[in-house]
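This briefing concerns the fold and selected residues of a single model. Please consult the sequence and coordinates alongside the text.

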Amino acid sequence: MSWNARALDVLAAGEPTPLIEFPVRVPGITLLLKDESRHPTGSLRHRHARALFRQAVLDGLVTEGATVVEATGGNAAVAQAWFARRLGLRYIVVMPGKAGPERARPVEELGGECRFVSPPLAIYDAARRIEGHFLDQFGRAAEHDLAEELFAQVSPDWVVTGASTGATSATLGNWIKKHDLDCRVAVADPENSAYFPGWTLDVRDYATGMPSRIEGIGRPRMEPGFRPDLIDLVIPVPDAATVAAARHIRGVTGLPVGPSSGTVLWAALELIERMVMRGESGTIVSLIGDASERHLATCHDDAWAAERGLDVARHADRLRLVSPAG
């Protein structure tokens with residue numbers, strides 16, 4: 001078997017991630033959480049990484065013994081390093097900010113190499129200067145297999161996701177359009193992110209110039225992979241509400257999810273409130289991006305929230321009006 005054939009076997013879809021029914025106080029409305037933390041690398045970024053590598057192999061851009069390069073951090077880097085190791089490829093990631101062993105360790109444990117660059121926006125040019133194939137998750141934003149898997153499991157009326165590269169919302173929207181499904185897509189957007197104002201104003205190059213405080217979602221600019229024409233609704237979410245909702249998920253399911261999952265849940269519950277006002281019923285699917293013990297020291301920690309001036313209690317009270325606590 002050739003290296004390319006073996007690589008495509010490695011990059012084949014894995015087992016479907018499960019759906020968890022989440023309690024809501026509204027008759028006629030079902031809320032399901034699709035638990036993307038069940039991937040081997042623990043996040044939705046696993047699908048993104050697999051799609052990027054698969055497309056690069058099919059296009060002949062990544063071959064046996066190649067070096068692959070990315071400019072990113074967090075879960076995306078971990079997922080890409082995981083696939084690079086299984087493909088026998090050298091992996092180099094350029095991360096923003098100061099070098100830190102805690103940030104580098106998850107990638108290095110998978111055989112990857114971390115380089116740190118400041119200011120944050122300089123990571124892209126730094127990555128392009130490294131000899132190898134630049135995966136470019138924002139520039140390429142390869143669609144992945146979430147939609148095919150999800151719609152084989154359930155027929156929802158709405159799917160709610162966050163936006164970073166834009167690949168997930170585009171994947172969902174394209175699948176719905178192609179198969180003429182009676183389903184809509186909502187995007188949850190944190191503070192400082194460009195997606196809500198850009199979508200509202202219909203400005204494709206809208207930029208805030210400010211980074212999102214919510215790990216994994218939100219961007220200071222509208223990324224090319226984000227497809228406003230495939231989105232039905234974008235819901236802005238305050239950062240304090242994000243933290244309250246992440247804690248709510250943990251209280252109900254026991255999963256120590258990251259803040260991005262809280263952003264998406266808050267948007268889903270706000271969508272439920274709108275449906276109630278319109279007298280609608282139906283099924284909503286909300287994505288859990290990742291769950292890890294490391295989040296216990298961030299969004300699940302009162303001191304962490306207080307340092308950032310986040311009034312979590314006020315939003316927690318509103319959450320309980322829609323969804324009972326665990």
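The points below cover sheets, helices, one serine and the cysteines.

This is a predicted model, in which local features need pLDDT of at least 70 and side-chain atom pairs count only at pLDDT 80 or more, while totals for chains, interfaces and linings use all residues. Residues are numbered from 1 along each chain as its sequence is written, and side-chain values use heavy atoms, with hydrogens and water left out. Helices (H or I, at least four residues) and strands (E, at least two) are DSSP runs, numbered from the N terminus.

- An open sheet is formed by 6 strands in the order 1-2-10-7-8-9, with mixed pairing; two strands pair if DSSP finds at least two bridges between them.
- Strand 1 (19–22) and strand 9 (233–237) are the edge strands, each pairing on one side only.
- From one strand to the next, the twist averages 25 degrees.
- Strand 7 (residues 158–162) pairs with strand 8 (residues 184–190) in the parallel sense over 5 bridges, and Trp-158 has Arg-184 in strand 8 as its bridge partner.
- Helix 8 (residues 167–179) lies across strand 7, strand 8 and strand 10 (282–288), at about 170 degrees to strand 8; axes are lines fitted to C-alpha atoms, for helices over the stretch in contact (heavy atoms within 4.5 Å), and angles run from 0 to 180 degrees between N-to-C directions.

- Strand 3 (residues 67–71) is joined to strand 6 by 2 bridges and runs parallel to strand 6; Val-68 stands opposite His-133 in strand 6.

**Helix 2**
- Helix 2 (residues 45–58) has 14 residues and reaches 20 Å from its first C-alpha to its last, close to the 20 Å expected at 1.5 Å a residue; the expected span is 1.5 Å times one less than the number of residues.
- Because 11 of its 14 residues are buried, helix 2 is largely enclosed by the rest of the structure; buried means under 20% relative accessible area (1.4 Å probe, protein chains only).
- Gly-60, with a positive phi near 75 degrees, follows helix 2.

**Ser-260 and the cysteines**
- Ser-260 is found in helix 11 (residues 259–277) and is buried at 10% relative accessibility.
- Beyond its neighbours within four places in sequence, Ser-260 contacts Ile-214, Glu-215, Ile-217 and Asp-290.
- Cys-183 is buried at 8%, and Cys-299 is buried at 0%.
- The whole structure holds 0 disulfides (pairs of cysteine sulfur atoms within 2.5 Å).

Notes
Buried < 20%, exposed > 50% of the residue type's maximum accessible area, 1.4 Å probe, protein only.
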